[in-house]
Amino acid sequence: MTKPQAVSAVPQVGEKSFFTRLKANYRRHKSLYIICVPILLYYIIFKYLPMFGVVIAFQDFRPGLGFTGSPFVGLKYFVEFLTNPTASRTIRNTIVLNLYNLAFGFPAPIILALLLNEMRGSRYKKAIQTVSYLPHFISLVVVCGILKDFSASYGIFNDFTALFGREPEALLGNVDLYRGLYVGSGIWKNIGWGSILYLATLSGTDPNLYEAAVIDGAGRWKQLVHITIPTIVPITILQLIMRVGSMMSEGAEKTILLYSPLVYEKADIISSFVYRRGLQEANFSFGAAVGLFNSIINLCLLVGANWASKKATGESMW
Amino acid sequence: MIERRTISNVLFDWANALVLGVLGLVCLYPMLHVLFGSFSDPRLLISHTGLLLRPLGFITKGYEIVFNNPNIWSGYANTLFYVVVGTVLRMSMTMLGAYVLAQKDFMLRKVLMLMFVFTMYFGGGLIPDYLLITKLKMLNTRWAIIVPSLIATWNMIILRTAFSQVPASLEESARLDGAGDMTILFRIIAPTTKASIAVIIMYYAVGEWNSWFSAAIYLPARRDLYPLQLFLREILIANSMGGNTTANTSAGFTDADSVAALIEDVVRYCTIVVATVPILCVYPFVQKYFVKGVMMGSIKE
């Protein structure tokens, strides 16, 4: 009945509309479109629906009333989060812990890779590599369990601090040591695995570069500074962007395994706070608000880091 | 790296070897400590200070206790289920997704890619995720562990890159022979990208073996569905705030009661060994994929 319209909707040959091309594409690759259905459903249900679920951050959500019936409260929970000192300290803790991680955890694998790269004697080198990759495969629960055992008052760490005359104490309960233990155990777990990327990049370096450098009289140090390090700079920058971009989202699981009320002061981070106050104590709206705050900061950090890197070095993720 | 045999070079080599050796030992020691501790006599263990370089005495009582713990067995069985079923389902979905995204002639490719990648950087968060699972009536079911994480977007993108490097001519000639998408995916593409697929399987399987958080959130009322890691958490973390055993150090350790009281430490070590051995068993087999796995993840889109 709308024939004329349909005809006019069909554009000139050679400049077909998007929908005409889509229709043709669909006819040609029907099976691809069918395969897409479960994938698309998965993303819509499990990734995009929860994004709309964040409306409860602006509501006084009651499960009985649902997403549509719960009263709207605006930014109440965001204000509560930012003004309550026990809540807002988690922002500071998240930032400080991640800066520690960035300062010590990020360069550690690079340094290991550089040291390994300087090494000849391939069997010894292989053995060290194999051993250093191992902790990556140990579960977080076990790593934290071992850390807890080692830092208990009867544990091995206290045997060493006793050599310097310190009284034994449960080290994980010491608020001043918590961050060091957190970051240190992270380095233990990831230093080897993290070094693979840099080592593999280094192994692709053109050997002629080194030969030429030697002919020019460059010593080992000069070769390191002028050839080896520039080789890994681009990949290092990309890794750094990714690291900064995921700064706010990391750490919930480990924090929940390691912390205790004794050290909340410095240990409690945003994500662990959401878990404890939002989920365990069932303050859904408050938890959702804090979580959304976290996600937005995270996204800003990622975009910011990428932008800065593009400006400074031309490297970027997109 | 090319160098002359000067004194400073030789000195550096030795220092470097030493530093790396110490580092290797630091990586290895905690695992050895746990292994030795698991066979040690708890009475000797508690009074021991410093590094543990061999088992102190030799008992297997700790392992007996671990193997008599029904939780360990049910945890093992559940974890096995999550790893096997989870990895099969995840691989199927991830491969299908990667296949579709690798088809250059598929018009929705770019839109879908954008839609999927966005979820890597932004999400609803813990609470909306939890409420969704509740709404879907998946809370306290096995599916809550598997279904919400069916596709790890990053893995799918890695696999897509591998798939799109398969020569188009292979696919075309198969299509001329009347092969459908499934045949092409599983008979042509999968065999040529075996190593990449192995890497993703490794990521999924190891990840699931080690995961505990989703179970902690989504299985609050079903201890019978707990994976091993969640029982481990109870044994290693929740029940031991550290320092509880020191109270006993001053008492005598001659009678059997104190062994029973002290053996908790040894049991913890045994539990770690029992839960970690399977991972260490597959370690040599997956080792050859490490470099490939890491390099695949470093490509930029």
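Colleague: Why is G304(A) called partly exposed?
Modeller: G304(A) has 13 other C-beta atoms within 10 Å. A residue is buried with 20 or more such atoms within 10 Å, exposed with 12 or fewer, and partly exposed in between, with C-beta atoms placed from the backbone. The count of 13 therefore makes G304(A) partly exposed. This is a predicted model, in which local features need pLDDT of at least 70 and side-chain atom pairs count only at pLDDT 80 or more, while totals for chains, interfaces and linings use all residues. Residues are numbered from 1 along each chain as its sequence is written, and chains are lettered from A and ligands numbered from 1 in the order in which they are written.

Colleague: Where is G304(A) found?
Modeller: G304(A) is in helix α17 of chain A; helices here are DSSP runs (H or I, at least four residues; strands are E, at least two), numbered from the N terminus. The C-alpha atom of G304(A) is 8.6 Å from that of G245(A), which is 59 residues apart from it along the chain.

Colleague: What makes α16(A) roughly antiparallel to α17(A)?
Modeller: Helix α16 (residues 270-280) and helix α17 (residues 284-313) of chain A pack at about 165 degrees, with their axes 8 Å apart. That angle is why α16(A) counts as roughly antiparallel to α17(A): the label is for angles over 145 degrees, against under 35 for roughly parallel, 65 to 115 for roughly perpendicular and oblique for the rest. Axes are lines fitted to C-alpha atoms, for helices over the stretch in contact, and angles run from 0 to 180 degrees between N-to-C directions.

Colleague: Which residues make the contact?
Modeller: Among them are I270(A), F273(A) and V274(A) of α16(A), and F284(A), A288(A) and N294(A) of α17(A). Contact is counted where C-beta atoms, placed from the backbone, lie within 7 Å. By class, this contact has eight nonpolar, five polar and one charged residues. Nonpolar covers Ala, Val, Leu, Ile, Met, Phe, Trp, Tyr, Cys and Pro; charged covers Asp, Glu, Lys and Arg; the others, Gly among them, are polar.

Colleague: Is the crossing of α16(A) and α17(A) left-handed or right-handed?
Modeller: The crossing of α16(A) and α17(A) is left-handed, whereas that of α4(B) and α11(B) is right-handed. Left-handed is used if the near helix is turned anticlockwise from the far one by less than a right angle, and right-handed if clockwise. Helix α4 (residues 70-102) and helix α11 (residues 194-210) of chain B pack at about 145 degrees, with axes 9 Å apart. Residues that meet there include Y82(B) and R90(B) in α4(B), and Y204(B) and W209(B) in α11(B). That contact has eight nonpolar, four polar and two charged residues.

Colleague: Which residues touch the most other members of the largest nonpolar core?
Modeller: A289(A) and Y99(B) do, in a core of 116 residues. A nonpolar core is a set of buried Ala, Val, Leu, Ile, Met, Phe, Trp, Tyr and Cys residues joined through C-beta atoms within 7 Å. Leaving out residues up to four places away in sequence, A289(A) touches A57(A), Y77(A), F78(A) and F81(A). Another core, of 20 residues, lies apart and includes L134(A) and L20(B).

Colleague: How many residues of the two chains are in contact?
Modeller: 80 residues of chain A are in contact with 76 residues of chain B. Helix α3 (residues 30-53) of chain A gives the most to its chain's side, with 14 residues. That side of chain A has 53 nonpolar, 18 polar and nine charged residues.
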